Amino acid sequence: MQRMTRRGMEWLSEATDDPALRREIWADDPRRPSLVPTGRLFDVLSVEERLGLEMFDRLQRSGMPFGPSVADRKAQRVGFFLGSDSRETFTFYLGRETSSPPPFRYLGDGSAVVVPGPTPLSDDRYQWLRAPTRRPEANPLRPVALATALVASGELLARIDRFDEMYPTPYEAVAALPEETDR
């Protein structure tokens, strides 16, 4: 769980209709989540939680560029922030990776996302996986990284699910091993 910095809070509040009011609300209650419109300063790629957590880990391990990330524990979704108007680039690179991507929602102009307050507690519904610490720098590789991570993570989870179907218990996995031969 991460917390927003003051500069991150200033950046995120700029996406709202009344940034000063949003900062005042967060000053009074730093745990309070907010509905923030997408498409102004950022878009959000939203995926199922299991896929999103795998994507998050993959992006971190590989050092690929990605911005703030949020988890909604009740809805079991993870959202990845991209620069506004990234849909075309994301869709282009997603199409280069696969013709059948895992399910996702792309939230751009006309949509909104619920974000945690600057300092959520560990049992809050909304959590920052990676909180905004400042205005994210524009990075044209971010939608490419997210498209790649989406497909790779989806393929990995599909393989894991197939293995679990073949071998529902550890005993069945061991029983399927070839017998050792003495040489």
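Modeller: The model is predicted. Gln-76 sits in the loop that joins strand 3 (69-72) to strand 4 (77-83). Its phi is near 55°, a positive value in a residue that is not glycine. Most residues other than glycine have a negative phi. With a relative accessible area of 48%, Gln-76 is partly exposed, because the exposed class requires over 50%.

The loop between strand 4 and helix 4 (87-97) holds Asp-85. Asp-85 is not a glycine either, and its phi is positive, at about 65°. The relative accessibility of Asp-85 is 69%, so this residue counts as exposed.

As for the context, the protein contains 6 helices and 7 strands. Their order along the sequence is α-α-β-β-α-β-β-α-β-β-β-α-α. Of the contacts with a separation of 6 or more, 78% link residues 24 or more positions apart. The C-alpha trace spans about 75 × 35 × 25 Å along its principal axes. Of the 183 residues, 42% are buried.

Charge is the last point. The protein carries 25 positive and 28 negative side chains, and the centres of these two sets are 5 Å apart. On the surface, Asp-18, Glu-24, Asp-28 and Asp-29 form a patch of negative charge. Of these residues, Glu-24 belongs to helix 2 (residues 19-28).

Methods
Residues are numbered from 1 along each chain as its sequence is written. This is a predicted model: local features need pLDDT of at least 70, side-chain atom pairs count only at pLDDT 80 or more; totals for chains, interfaces and linings use all residues. Side-chain values use heavy atoms; hydrogens and water are left out. Patches are made of residues with over 30% relative accessible area and no salt bridge: like charges are joined within 9 Å, nonpolar side chains (Val, Leu, Ile, Met, Phe, Trp, Tyr) within 5 Å. Accessible areas come from the Shrake-Rupley method with a 1.4 Å probe; for residues, only the protein chains shown count as cover. A salt bridge is a side-chain nitrogen of Lys or Arg within 4 Å of a carboxyl oxygen of Asp or Glu. Lys and Arg count as positive and Asp and Glu as negative; His and the chain ends are not counted. The place of a charge is taken as NZ of Lys, CZ of Arg, CG of Asp or CD of Glu. Helices (H or I, at least four residues) and strands (E, at least two) are DSSP runs, numbered from the N terminus. Buried means under 20% relative accessible area, exposed over 50%, partly exposed in between (1.4 Å probe, protein chains only). Contact means heavy atoms within 4.5 Å.
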